[in-house]
Amino acid sequence: MKTQFSPVRAAMGAFLALNFLAQTVFATCGGGGGGGMGGSAPGGGSVVYVVPWAVISEGKALPKAPQASLIVLWFPLSAKAAADSDMRSSSALTLAAARCVADALITSDNKTVRSKYGIADGTEAAILIKPDGTEIARATLSKKGAVVVSSIEKALNTELKPREKALNTALTAAEKQLKAKDPAAQAALEQVWAERCLFPSIGKKAAKDLKTLGVNVDPAELKKLGLDTIADPDTTGARTAAVERILKAGLKAEMAGDFTTAGKRYKEATELDPSDTTALRFLGEYYRHQTGQWDLAGRVFNRILEQPADPVARAVALHGLGKMTIHSGNYAAGLAKFHESLEVFPLAITYRNLAVYWFSEKETEKAAGYMQQAIALEPNDRYNQIFAAVYLAVAGKADEALTIAKANEGVLEASYNLAAIYAQLGDKKKAMELLRRHFESYERYDAVRAMEMKEARDDYMFLAMHQDPEFITMTKLARNAWMIGSEFCDPASLLASPEAPLRRM
């Protein structure tokens, strides 16, 4: 192709300087931008609960009330130290993030915030503060100077328990005023309602009491608190220890290719604690990516969005809904979901799928920009590197792309994108071999194969192969995903595609 790809070249120049490290997130193929395995969130290894750290560099404002009822500030020594820290994973902090406890990672260049809290250079720290900046507690440091995660978790729960007790006392007093028809009841109940994000269950009770006074709270705000049957996300770990064990067992099974066991474990975890949106995101991505049961995936993702959820879980749900919506043909709505996902929490998979979409629309500069952002977010992610090599091939960087493809040829879950590299290099035989490996060896369920084959038939990367009889035969199971209203249909209801590849460009 003769199109100039200056942003791609700039991104790839930095990218090619990277060493091929072991991937740090479980991003798998799924066609195009990939995603799905291990709940599709950053983490890696056996990480289940990913703390949604918002990166606060110099000049960037800290989270504010009412979105932040409390804030955990973390001052890691460096980006590398942060990537290797235990502070990346905490069930207490992750679940508290669903209750307006914001997590802010303060970069080493942010001298303003570091100076305010007396954090010297070369020192790690974690501090719990109020939205007005008042310090509540500091984490204990280990002998090596690292933050002891359990100490900041303990500080958080030590702060939450008396607050919850005081709010329950205030609600009880307000309800007595209500029964006594005391005019002061409304103001008292409104004060309790104001604390709804930190304590959803108490907030829902206050909303019901206000309704008896003829005062209706904002329906959208009430909906965010979830159903009455769902308990508040637990920050103490009492309910989550068992859930975490089950999720880790499911993740281990999924990584070993035992998808039946993985699905059972993920479902078991959601049933054990319906308020745990980490368990829900694992189950939702399992349905979307592994089994192709998009009807079930859509319901799980919407459950996440209809109850208190941490930013990572919400972002994964929005991305999943966006990907499925685009597949169903509603491109504008799907793209809107992608952008909403990025506003909630940036995920490399979302940037990659935006790059896929815009490249298919021949908006190469825009696609390159999203690819740059994916790489900047997870520079050492092996899947990011393989995905970027497709763009190198398109941009005429054949040698560099081929080097990456050969170095990663054994990565089964990247077969689709490896095939795209060879297709762009003009090696049809190798591209067909890798596509066949993707459809026949990597994918295990026909519902997924059908939609992946449809994606290949639409994929600009395989344009030169679209009329090839062998390609058409190999993708004969291709199906069009579709929806009824906002509901995704059962895989058995998918419409068959005609033999000729469909194009929307």
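Biologist: Is Lys-362 buried or exposed?

Modeller: In this predicted model, Lys-362 is exposed, with a relative accessible area of 53%. The cut-off for exposed is over 50%.

Biologist: Where does Lys-362 sit?

Modeller: Lys-362 is in the loop between helix 15 (348-360) and helix 16 (364-377).

Biologist: And what is its phi, for Lys-362?

Modeller: Phi of Lys-362 is near 65 degrees, a positive value in a residue other than glycine. Lys-181 is another residue with a positive phi, near 55 degrees, and again not a glycine.

Biologist: Where is Lys-181, then?

Modeller: Lys-181 lies in the loop between helix 5 (149-179) and helix 6. Its relative accessible area is 74%, so Lys-181 counts as exposed.

Biologist: How far is Gln-177 from Met-474?

Modeller: They are 72 Å apart in space, C-alpha to C-alpha, and 297 residues apart in sequence.

Biologist: Changing topic. How many disulfides are there?

Modeller: A search of the whole structure finds one disulfide. Cys-100 and Cys-197 form it, with their sulfur atoms 1.7 Å apart.

Biologist: Which parts of the chain does that pair link?

Modeller: The pair links distant parts of the chain, as Cys-100 and Cys-197 are 97 residues apart. Cys-100 is in the loop between helix 3 (91-96) and strand 3 (101-106). Cys-197 is in the loop between helix 6 (185-193) and helix 7 (200-212).

Biologist: Why is the disulfide of Cys-100 and Cys-197 called right-handed?

Modeller: Because the torsion about the S-S bond of Cys-100 and Cys-197 is about 80 degrees.

Biologist: Is Cys-100 buried or exposed?

Modeller: Cys-100 counts as buried, at 10% relative accessibility. The cut-off for buried is under 20%. Cys-489 is buried too, at 11% relative accessibility.

Biologist: Next, helix 19. Why is helix 19 described as largely enclosed?

Modeller: Because nine of the ten residues of helix 19 (residues 415-424) are buried, it is largely enclosed by the rest of the structure. Among the buried residues are Tyr-416, Leu-418, Ile-421 and Tyr-422.

Biologist: What do the buried residues of helix 19 pack against?

Modeller: They pack against four helices: helix 17 (382-394), helix 18 (398-407), helix 20 (428-442) and helix 21 (446-458).

Biologist: Which residue with a positive phi follows helix 19?

Modeller: Gly-426 follows helix 19, and its phi is near 85 degrees.

Biologist: Back to the backbone. Which residues does a cis peptide bond join?

Modeller: A cis peptide bond joins Ala-65 and Pro-66, with omega at about 5 degrees. Pro-66 lies in the loop between strand 1 (54-56) and strand 2 (70-75).

Biologist: Now the whole thing. How many helices and strands does the protein have?

Modeller: The protein has 22 helices and nine strands. Its radius of gyration is 24 Å, close to the 23 Å that the globule rule gives for 505 residues, so the protein is as compact as a globular protein of that length. The C-alpha trace spans about 80 × 55 × 40 Å along its principal axes.

Biologist: What share of the residues counts as buried?

Modeller: Of the 505 residues, 54% count as buried. The protein exposes about 21,400 Å², and carbon and sulfur atoms supply 54% of that area.

Biologist: What share of the contacts joins residues at least 24 apart?

Modeller: Among contacts between residues at least 6 apart in sequence, the share is 67%.

Biologist: Last one. How far apart are the mean positions of the positive and negative charges?

Modeller: The mean positions are 1 Å apart, for 61 positive and 58 negative charges.

Terms used
Residues numbered from 1 in each chain as written. Predicted model: local features only at pLDDT ≥ 70, side-chain atom pairs only at ≥ 80, totals over all residues. Heavy atoms only, no water. Disulfide = S-S within 2.5 Å. Helix = DSSP H or I, 4+ residues; strand = E, 2+ residues; numbered from the N terminus. Buried < 20%, exposed > 50% of the residue type's maximum accessible area, 1.4 Å probe, protein only. Rg over C-alpha atoms; globule rule 2.2 N^0.38 Å. Contact = heavy atoms within 4.5 Å. Areas by Shrake-Rupley, 256 points an atom, 1.4 Å probe, with all protein chains shown as cover. Lys, Arg positive; Asp, Glu negative; His and termini not counted. Charge placed at Lys NZ, Arg CZ, Asp CG, Glu CD.
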